[in-house]
Amino acid sequence: MVKPLDNKAWWLVLPVFLLVAFNAIVPMMTVVNYSVQDTFGNNQFFWNGVGWYTELLDPSTELGGRFYDSLGRNALFSSIILAIEIPLGILVALCMPKKGWPVAFTLVVLALPLLVPWNVVGTIWQIFARTDIGLLGHTLFGLGIDYNYTQDVFSAWATVIAMDVWHWTSLVALLCYAGLKSIPDAFYQAAKIDGAGRWAVFRTIELPKMGRVLLIAVLLRFMDSFMIYTEPFVVTGGGPGNSTTVLSIDLVKIALGQFDLGKAAAMSIVYYLIILVVCWVYYTVMTQVDDEKRS
Amino acid sequence: MARIDLVELAHSYKPNPRSEADYALQPMTMTWRQGGAYALLGPSGCGKTTLLNIISGLVVPSHGSVHFDDKDVTRLPTERRNIAQVFQFPVIYDTMSVFDNLAFPLRNRGMARPAVEARVREIAHLLDLGSDLGRRARGLGADAKQKVSLGRGLVRADVAAVLFDEPLTVIDPALKWELRSKLKALHRRLDITMIYVTHDQTEALTFADTVVVMHDGGIVQSGRPDELFDRPEHTFVGHFIGSPGMNVMPAEVSGGTARVDGHPIELAGRFDRLPTGARIEIGVRPEYTRLAGAGQGVPVKVERIDDLGRIRFARIRLGALRLAAFVPPGVAPEGDAAGVVFDPAQIHVYADSRRVG
Amino acid sequence: MRARHLVLFLYMLFLMLPIYWLLSMSLKSNTEILSRFSLWPLAPTLENYNVIFTDPSWYNGYINSLIYVVINTIISVTVALPAAYAFSRYKFLGDKHLFFWLLTNRMAPPAVFALPFFNLYSAIGLFNTHWAVALAHCIFNVPLAVWILEGFISGVPREIDETAYIDGYSFPRFFVKIFIPLIANGIGVAAFFCFMFSWVELLLARTLTNNMPISSIMTRTASAAGMDWGVLAAAGILTLVPGALVIWFVRNHIAKGFALGRV
């Protein structure tokens with residue numbers, strides 16, 4: 001199907017363009033502007049060139065060290081999240097009912113965490129995990145496990161990760177479920193007739209057919225876990241120490257806490273670029289691999 | 001390789017079937033002989049696919065049993081039945097090469113590597129897939145994909161039967177012919193039972209040596225193509241096979257004469273013991289219904305004449321009935337008044353849609 | 001078969017336990033919460049909910065949030081519809097780049113934009129209004145809506161448009177009378193996701209207002225001395241209600257939307 005060329009279609013896109021441009025371009029210019037200037041307060045700004053960037057990217061400076069630490073934590077966090085949520089989401093999707101009322105019921109239960117405001121996710125887990133009043137914390141503590149997410153780094157990480165798994169695995173599961181639903185029955189019947197076992201069915205039919213949605217799921221989960229702010233902010237506030245201070249939390253601390261606009265802006269730009277580049281590379285590579293397989 | 005027996009088989013998708021309408025498959029008993037080429041013919045929704053799935057084991061029948069060579073397999077799952085099936089739409093394993101696709105059913109059954117290799121090459125050669133063996137299956141066109149599906153169905157030498165569920169629907173017409181003849185050739189060569197489901201009579205009649213016609217969940221006739229044509233056991237078969245379909249007329253039959261719309265029509269035999277209270281009809285194929293000039297035979301009105309090239313059929317009215325009649329060369333009715341002459345030997349009498357005598 | 005049910009059951013238990021705990025907390029008095037540990041409320045009370053429903057600073061939070069979420073959903077879907085139609089049906093100058101650029105905005109961390117948004121919306125005098133949050137949320141919801149709708153629209157054969165034009169429909173009339181009903185499922189799914197992402201977002205909503213949205217009222221309470229856990233839990237439970245209602249109403253659309261393979 002060839003689409004006709006018609007530049008009048010721009011009129012249809014114009015509202016979207018203006019709305020997003022208003023929200024994206026003006027703030028972006030502000031950020032770029034801040035990132036090359038310094039201020040001593042009183043709204044007096046001085047040209048600082050790439051000063052903030054060099055400081056930010058040099059790990060020996062205070063800012064640079066802080067930046068690389070947060071970035072490392074983000075990378076670690078995203079890797080763990082992907083390693084848990086993607087396989088778990090696939091597993092849950094495979095276990096979901098295929099027809100009848102259980103489908104609607106399961107969909108509603110699964111989708112529920114997705115519609116909880118992000119700070120409430122934090123609150124829920126705070127209440128759930130506290131050792132004094134929380135079911136989880138109290139139980140673990142009762143079992144003799146040294147669990148305290150406000151003081152122990154490992155507990156804090158475990159809590160933040162469990163919370164993210166609770167919050168987002170359903171998204172992966174729902175996406176995979178959509179992918180599975182699009183497989184015609186004939187494929188399963190053919191596999192049965194061909195004598196394929198459960199594992200072979202998964203590897204030769206289900207996984208390849210889920211390829212596209214998995215691509216999207218990984219992309220979304222990477223992006224969102226890399227941008228995470230609210231949930232750890234509510235639960236751990238970035239602590240204990242700086243152990244759960246990811247880039248977004250650090251950024252907000254610098255920008256709104258210390259009003260170091262230049263530093264924050266330079267950090268914003270680099271942060272945004274990292275996400276863009278990673279997503280772009282991932283997407284390009286994956287679709288290319290896909291195309292190669294096709295030809 | 002096996003003979004397949006269906007014994008008092010019936011199936012309902014509802015848990016407690018009460019009336020006949022609750023059954024997707026009416027009770028039936030029949031035998032599929034080893035090595036036969038069968039076509040299962042019928043309109044959509046007549047139960048063909050249900051029957052096929054019962055034979056392959058994808059559906060467990062609610063009543064009766066299925067036997068492969070005297071062994072009851074009714075409750076055996078598909079993978080232990082030794083059946084191959086080809087579906088309407090190509091089913092291929094995306095990530096594998098054509099070779100691996102064809103080898104998949106053999107490898108799953110633990111066949112030795114050299115044997116797999118030899119068998120796959122043989123089948124690929126028969127289906128003209130030899131040059132594509134190394135390619136990724138998902139890059140192929142729809143035709144080639146369906147060939148791979150066919151190949152996977154045929155690759156196992158020891159299967160009890162290969163079932164085809166309208167396998168040529170997605171293939172374009174030119175290639176359809178070729179693939180169908182190829183299947184027929186394969187059947188002769190491989191000596192396996194093939195059951196071919198279709199709603200297309202040409203496909204069924206050219207492929208099969210036995211055509212099984214289904215209607216409303218039941219088998220109405222099974223026989224050679226010429227038997228179906230010359231002696232339809234059910235008015236449905238008369239309608240469904242042949243183009244145009246058989247002329248079926250409500251009639252009063254007594255002795256050797258039928259009366260249609262008040263006109264007497266001679267029959268070849270005597271029908272003295274027709275069931276009382278049954279709906280009586282007579283049926284004649286248009287090929288044996290000859291159009292003649294006005295005044296001869298039964299008077300009819302000609303509505304139009306369809307010229308099919310080599311032969312012509314007239315669309316006619318006998319009272320309120322619409323019929324089709326063969327127009328012999330040289331006959332050119334003027335106006336709309338004409339007559340028809342029925343060949344008495346080819347007139348069948350039906351009581352409640354089933355052939356009598 | 002057993003294993004499948006077990007996995008699903010355990011997963012759903014994992015999802016429900018924290019929510020159950022929140023519910024249980026919301027029905028306990030603060031004294032009970034702090035004095036002893038029990039798996040269910042021993043002296044159930046609705047006092048916490050009473051606090052929220054009688055204190056305007058609490059219940060206004062819900063109203064404020066709902067207002068900007070609804071405004072945002074309406075704006076996002078309305079502007080995204082024609083744009084998605086254009087992307088699906090026509091080629092035009094820079095279409096691919098524009099589409100990609102739209103999607104990159106979905107990748108922008110809200111933390112990056114928090115401060116400049118504050119400046120921007122203060123400058124145009126919208127700070128601390130529903131419109132500020134509704135418009136700001138468009139940055140991620142509009143691209144998402146365009147993307148979802150484009151998928152659904154591409155599923156509608158172009159012949160339908162052409163037939164309508166031949167029958168003498170003008171574009172706007174065709175769009176409203178014929179096209180929109182055809183992609184109702186898609187609009188349902190897009191609206192669901194816009195609602196969801198706007199409802200759950202905190203950072204921008206908090207930055208652009210003075211404690212208007214319920215989410216930021218909750219963080220304020222959470223950081224105040226002497227935690228009022230019962231009221232906090234009750235407030236949390238109440239934030240689940242709109243989400244649960246929305247899921248329930250669109251569950252069939254969602255199932256179909258998922259079946260179509262987009263989202």
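Which residue stands opposite B:His348 in E20(B)? Keep that pairing in mind; the tour returns to chain B at the end. The model is predicted.

**Stop 1: all chains**

Show the chains in separate colours. There are 2 pairs of chains in contact, and chains A and C share the most contacts. Now hide chain A for a moment. Chain B and chain C do not touch. Their nearest C-alpha atoms are 16 Å apart.

**Stop 2: chain C against chain A**

Bring chain A back and select its contact with chain C. The contact takes 78 residues from chain C and 70 residues from chain A. Look at the chain C side. Elements giving two or more residues here include helix H1 (2-26), helix H4 (56-89), helix H5 (95-106) and helix H6 (110-123) of chain C. H7, H10, helix H12 (214-223) and helix H13 (229-259) of chain C are also on that list. Pick out H13(C): it gives the most to this side, with 16 residues. Colour the side of chain C that touches chain A by class. You will find 64 nonpolar, 9 polar and 5 charged residues.

**Stop 3: two helices inside chain C**

Stay in chain C. Select helix H7 (residues 130-154) and helix H10 (residues 184-200) of chain C. Their axes come within 9 Å and cross at roughly 160°. H7(C) and H10(C) are therefore roughly antiparallel to each other. The crossing of H7(C) past H10(C) is right-handed.

Now show side chains where the two helices meet. On H7(C), pick C:His137, C:Phe140, C:Asn141, C:Leu144, C:Ala145, C:Ile148, C:Leu149 and C:Phe152. On H10(C), pick C:Asn185, C:Gly186, C:Val189, C:Ala190, C:Phe193, C:Cys194, C:Phe197 and C:Ser198. By class, this contact of H7(C) with H10(C) has 11 nonpolar, 5 polar and no charged residues.

**Stop 4: chain A against chain B**

Move to the contact between chain A and chain B. It takes 17 residues from chain A and 22 residues from chain B. On the chain A side, select helix H8 (185-193), helix H9 (198-226) and helix H12 (261-294) of chain A; these are the elements that give two or more residues. H8(A) supplies the largest share of that side, 6 residues. The side of chain A that touches chain B divides by class into 9 nonpolar, 4 polar and 4 charged residues.

**Stop 5: chain B as a whole**

Switch to cartoon: the secondary structure comes to 8 helices and 21 strands. Chain B has 357 residues, and 41% of them are buried.

**Stop 6: a sheet in chain B**

Select strands E11, E14, E20 and E21 of chain B. These 4 strands form an open sheet in the order E11-E14-E20-E21, with antiparallel pairing. Strand E11 (247-250) and strand E21 (354-356) of chain B stand at the edges, each with a single partner strand, so one side of each is left without a neighbour in the sheet. On average, neighbouring strands of this sheet are turned by 40° against each other, direction ignored.

Zoom in on strand E14 (residues 280-284) and strand E20 (residues 348-351) of chain B. They run antiparallel and are joined by 4 bridges. Here is the answer to the opening question: B:Gly283 stands opposite B:His348 in E20(B).

Terms used: Residues are numbered from 1 along each chain as its sequence is written. Chains are lettered from A and ligands numbered from 1 in the order in which they are written. This is a predicted model: local features need pLDDT of at least 70, side-chain atom pairs count only at pLDDT 80 or more; totals for chains, interfaces and linings use all residues. A residue is buried if 20 or more other C-beta atoms lie within 10 Å of its own, exposed if 12 or fewer, and partly exposed in between; C-beta atoms are placed from the backbone. Two residues are in contact if their C-beta atoms, placed from the backbone, lie within 7 Å. Ala, Val, Leu, Ile, Met, Phe, Trp, Tyr, Cys and Pro count as nonpolar, Asp, Glu, Lys and Arg as charged, and the others, Gly among them, as polar. Axes are lines fitted to C-alpha atoms, for helices over the stretch in contact, and angles run from 0 to 180 degrees between N-to-C directions. Angles under 35 degrees count as roughly parallel, over 145 as roughly antiparallel, 65 to 115 as roughly perpendicular and the rest as oblique. A crossing is left-handed if the near helix is turned anticlockwise from the far one by less than a right angle, and right-handed if clockwise. Two strands pair if DSSP finds at least two bridges between them.
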